[in-house]
Amino acid sequence: MPGSGKSDDRRLGFKVSQEVVVVAISVMLFVVFSATLNNFLSQGNIIAILKNVSILGTLAVGMGFVVVGRGIDLTMVAVMVVGVAFSIWISTWGIDFTLAVICGAVLVAAIGLFTGVMVAIAEVPPIFATLAIASSVYGSGRIVFASDVLYAPPNIAWLKFVGNGSVFGIPMSVVIFGAVAALMGLFLRKTRFGRLVYATGDNPNAARTTGLPTRPIIVTQYVISALIAFTAGIIMTGLVTGIDTRLYNSSLIYDVLLVVVLGGIGLSGGQGGVRNVIAGTILVGILTNGMTILNFSYTSQNLIKSVILLSALAIDAIINPRDEQTSQSGDI
Amino acid sequence: MKIFKKCLFAGLAALALMGAAQVASAQETDQVGRAPYLESLKGKKVIFVPISQGMDLNQAWVMVWQRHAARYGFSLEVRDPNGDTNAGIRAMQGAIAEKPDLIIVQNPDVQTYARLLKQAQAAGIKVLQVNMQSATQTDSYVGNDWIEMGRLEMGELAKHCTGPNAVSHKVVWLAGVQTGAANIYMRTGIDEVLKANPELQLVSDQPADYISEKARQITETVLQQHPDLCGIMGIWDNAEVGAGAAVVAAGKQDQVTIVTNGAGAATGCESIKNGLLDVIFNFNAPIQGEIAAQQISELLQHPDRKAGSEKTIFFGPITRVDKTNATGRNCWKPEDIK
């Protein structure tokens, strides 16, 4: 069944999946921070937590979608920064910014299509294909744009609304993240295409032998993940008035992958869903927010973050030991 | 007799004029010291290892140096590691192996290149460090007095956030990369001001990694915790626009003063005009580049001097830029420098 893991723990009566472990840790941290930190529980801070993870979360939804289909998309950050930078760059020629954003989306979709073709038809393993494509996409952008930081033209009303607007008190960045997550959740669970993605991820060879169109499915996944990455880039541009292409050099892509894996979407594909992504995203959000309030040093923040993430994975490994099926399907 | 005298005078005058003309023409062809200067620069090899050429300050420097190189016929090669420290180490090792006449280096932090710079000096290669120093001192450093920068920025916040009219005494330091020279030395300057103004309260000290979105996230969280925040100081205008965005989103642009420093690019001035930043301490990268160009000439002119035998330091000028003077030379564009 989509959205759940493969092993059952019948003794407990319900399944203690990695998602449950992550949610439990999040709840624990939330309680501890609420009790010890002033203003942690305020409405403003809760919104700040959501706003601060909206970009990470949006990217993770796209990544999760690809991972469910037993792929991996390491091009997401490169596509995000280069796609948006391209839009800003062509808008400096005098093209209307909205049109420039549409051109950027077309470019990004084309990159996703190319990645998909490399993976599905040329059958290059996705980790290598996307690693190489990420590097070439970023490299090309770096040559064309000259500057790392590109500022969007001022006074674009809709972009300002994306950055500072809100709907019923919820910031637009969170609304967009929520909308992308909800659409993806429905798509995966309710549409035939979504079920085919699970089938392809669970056992690509069986799916193909049964006559499923695995290749078009894989190509579509990469196109959609590229467009989701572009959406995340637009959110960022709205929030901070520009895009910093150096993000490609940061650990962002690994954070995205971490959120996906931490939430319980196995790299072996065919399991998990949007709920897992949200669980992982919220844990990272609460943790980062609490540590920023506590003014922990950078080094100790990284240390604490990795220890908590590692323990989540360790607890899952103890509760859900690898069985014959998981061993055979294998991880990346 | 009278005529003879006149002729003699005329002749002497003519001779004198001719002589003077000769001297004058000799001076025109041989300005003192010019020929050896041109000779000493021609055909020399200079390698620049930056942190990343994508930054506005780097673009300004290289434009100035390329002009300098074209004018005097030496070669300038830029080996851009694009923010990757390992690639930077390889670029430095490669540069040392090629034995150029001069290596210019912008250090990502104080330690990474420290030994390599010693090796370069031992191999007889002169080293000019720009803006970001290493723990190893070499022939020359051109760039900011970062301690002064820390003092200026926190001093600016002290003006707004002390006294009876201050909204609070709470200030934030949005650091860059904690091992970077700018970061380490600015902190010394900051601590001096904090010591002199004990009522100032440093409520957050987090690195934003020179990334605007990170600066925005930290600021947003801190503002929730300290709604009466008075001031924020940062390390690069292109990153602190994120802090500004968080302050504007909270509707607190009149309450929170945002101070940072920058290369003086027009984008910084735009950020001041858009109300994202209040004050930029502008170290004017093109002027920094000119000072460094002068140092390139100096170091190439004296091949007889042993590398590392004389160590000099040049701090560039710093201009305080706010709404009133965010114009003209305080806001350069790349096309102005070309």
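I call a residue buried if 20 or more other C-beta atoms lie within 10 Å of its own, exposed if 12 or fewer do, and partly exposed in between, with C-beta atoms placed from the backbone.

The model is predicted: local features need pLDDT of at least 70 and side-chain atom pairs count only at pLDDT 80 or more, while totals for chains, interfaces and linings use all residues. Residues are numbered from 1 along each chain as its sequence is written, and chains are lettered from A and ligands numbered from 1 in the order in which they are written.

**Entry: A:Asp244**

I looked up A:Asp244 and found that it is buried, with 27 other C-beta atoms within 10 Å. I located A:Asp244 in strand 4 (residues 242–244) of chain A; strands are DSSP runs of E with at least two residues, helices are runs of H or I with at least four, and both are numbered from the N terminus. I then listed the contacts of A:Asp244, leaving aside neighbours within four places in sequence: A:Asp148, A:Val149, B:Ile211 and B:Ser212. Two residues are in contact if their C-beta atoms, placed from the backbone, lie within 7 Å. I also noted that 8.7 Å separates the C-alpha atoms of A:Asp244 and A:Tyr151, which are 93 residues apart along the chain.

**Entry: the side of chain B that touches chain A**

I found 32 residues of chain B in contact with 32 residues of chain A. Helix 8 of chain B gives the largest share of the chain B side, nine residues. By class, I recorded eight nonpolar, 17 polar and seven charged residues on that side. Here Ala, Val, Leu, Ile, Met, Phe, Trp, Tyr, Cys and Pro count as nonpolar, Asp, Glu, Lys and Arg as charged, and the others, Gly among them, as polar.

**Entry: the largest nonpolar core**

A nonpolar core is a set of buried Ala, Val, Leu, Ile, Met, Phe, Trp, Tyr and Cys residues joined through C-beta atoms within 7 Å. The largest one has 196 residues, of which A:Val79, A:Val81, A:Val256, A:Val260 and B:Ile103 touch the most other members. Its largest share, 15 residues, comes from helix 10 (residues 214–240) of chain A. I followed A:Val256 and found that it touches A:Leu56, A:Leu59, A:Ala60, A:Met63 and A:Met76, not counting residues up to four places away in sequence.

**Entry: chain A as a whole**

I counted 14 helices and four strands in chain A. Buried residues make up 52% of its 332 residues. The C-alpha trace of chain A spans about 65 × 55 × 35 Å along its principal axes.
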